[in-house]
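Thanks, everyone. I'll take one structure today and walk through it piece by piece. Have a look at it first.

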There are 2 protein chains.
Amino acid sequence: MQTVVSDCPIEDVMRVLSGRWPALLLYYLKEGTRRFSDLQRDNPTLSHRILSLELRKLEQAGLVARTAFPGYPLRVEYDLTPAGAQLVPLIDGLADWWEASASLRARHATTAEV
Amino acid sequence: MQTVVSDCPIEDVMRVLSGRWPALLLYYLKEGTRRFSDLQRDNPTLSHRILSLELRKLEQAGLVARTAFPGYPLRVEYDLTPAGAQLVPLIDGLADWWEASASLRARHATTAEV
DNA sequence: AGTAAATTACGGACATTTTTGTAACCAGGA
DNA sequence: TCCTGGTTACAAAAATGTCCGTAATTTACT
């Protein structure tokens with residue numbers, strides 16, 4: 001997913017949102033500021049290395065802001081940027097569509113055919 | 001991206017939309033009925049094997065309908081299902097958000113910092 | 001006082017799994 | 001023979017994970 005094959009902006013969007021974690025992380029962050037370890041505890045199946053990589057990706061995309069505090073045990077906080085906050089309702093929309101269209105999808109799904 | 005780690009429907013949504021092709025294919029299909037070979041020509045960098053797999057994924061998810069006609073040179077048509085058609089505007093929303101938030105994202109992006 | 005251990009947020013090397021792609025093959029007509 | 005819409009076997013690449021190390025400081029123990 002590195003080369004661009006169309007000029008649609010949707011391709012850039014999916015480059016950032018693709019994968020299991022980005023949308024989920026945005027969901028956790030929409031609740032407010034979270035520390036690295038909070039996010040780690042929130043989803044135990046996500047290794048800290050991947051968490052780190054995903055956060056960096058979201059940061060570079062400008063959706064998440066990282067704030068590091070100097071001090072004893074390190075402390076780093078993550079928040080949504082304004083752009084990230086704007087995105088959240090759109091993702092909510094997708095989730096709502098998924099639930100609302102469940103019967104519609106089931107009717108047309110391959111596996112549902114008799 | 002096969003195991004479920006949360007109970008959020010967004011995870012199911014991303015399982016279907018993740019990757020470079022799903023959103024793009026929906027975009028082509030929103031213009032109307034497309035044949036396999038049409039979609040192949042529309043994006044030349046997509047191998048016909050992957051096209052086949054992606055279409056099958058979208059079909060199983062109930063977003064795309066496949067219609068095979070009997071006959072000489074095979075003919076198979078793909079269309080959006082009602083659920084798929086409902087999804088398109090949401091994807092458009094993401095694309096719009098991406099363009100509208102460009103400056104906002106740039107301001108917060110890691111690489112933009114001085 | 002000295003030493004060991006814990007905490008937090010990573011980074012690097014490496015292994016494994018998943019995804020994506022390539023090449024070749026099939027059917028059944030025109 | 002070519003066309004269409006696939007499939008299968010195999011190869012490459014990308015995503016994801018495990019394990020270990022590091023920094024600086026507090027706490028725990030003796």
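Start at B:Arg34. Across from it, in strand 3 of chain B, stands B:Tyr78. One caution before I go on: this is a predicted model.

Now the pairing around those residues. Strand 1 and strand 3 of chain B run antiparallel to each other, and two bridges join them. Step back to the sheet. In chain B, three strands make an open, antiparallel sheet, and their order is 1-3-2. Which strands sit at the edges? Strand 1 (34-35) and strand 2 (64-69) of chain B do, and each of them pairs on one side only.

What packs on this sheet? Helix 2 of chain B, residues 21-30. Helix 2 touches strand 1, strand 2 and strand 3 of chain B. Its direction is at about 100° to that of strand 3 of chain B.

By type, the surface near DNA strand D has nine charged residues, seven polar and seven nonpolar.

Now some polar contacts. Take A:Thr45. One of its backbone N or O atoms is 3.4 Å from a phosphate oxygen of DNA strand D. A:Glu54 works through its side chain: an N or O atom there lies 3.4 Å from a phosphate oxygen of DNA strand D. In chain B, look at B:Leu74. A polar backbone atom of B:Leu74 is 3.0 Å from a sugar or linking oxygen of DNA strand D.

Last, chain A as a whole. How many helices and strands does chain A have? Six helices and three strands. From the N terminus, the order is α-α-β-α-α-β-β-α-α. Its radius of gyration is 17 Å, while the globule rule gives 13 Å for 114 residues, so chain A is more spread out than a compact globule. Along the principal axes, its C-alpha trace spans about 65 × 35 × 25 Å.

That's my tour. Over to you.

Definitions and conventions
Residues are numbered from 1 along each chain as its sequence is written. Chains are lettered from A and ligands numbered from 1 in the order in which they are written. This is a predicted model: local features need pLDDT of at least 70, side-chain atom pairs count only at pLDDT 80 or more; totals for chains, interfaces and linings use all residues. Side-chain values use heavy atoms; hydrogens and water are left out. A polar contact is a pair of N or O atoms within 3.5 Å; within protein, one must be able to donate a hydrogen and the other to accept it, and residues adjacent in sequence count only if both atoms are side-chain atoms. Ala, Val, Leu, Ile, Met, Phe, Trp, Tyr, Cys and Pro count as nonpolar, Asp, Glu, Lys and Arg as charged, and the others, Gly among them, as polar. Two strands pair if DSSP finds at least two bridges between them. Helices (H or I, at least four residues) and strands (E, at least two) are DSSP runs, numbered from the N terminus. Contact means heavy atoms within 4.5 Å. Axes are lines fitted to C-alpha atoms, for helices over the stretch in contact, and angles run from 0 to 180 degrees between N-to-C directions. The radius of gyration is taken over C-alpha atoms; the globule rule is 2.2 Å times the number of residues to the power 0.38.
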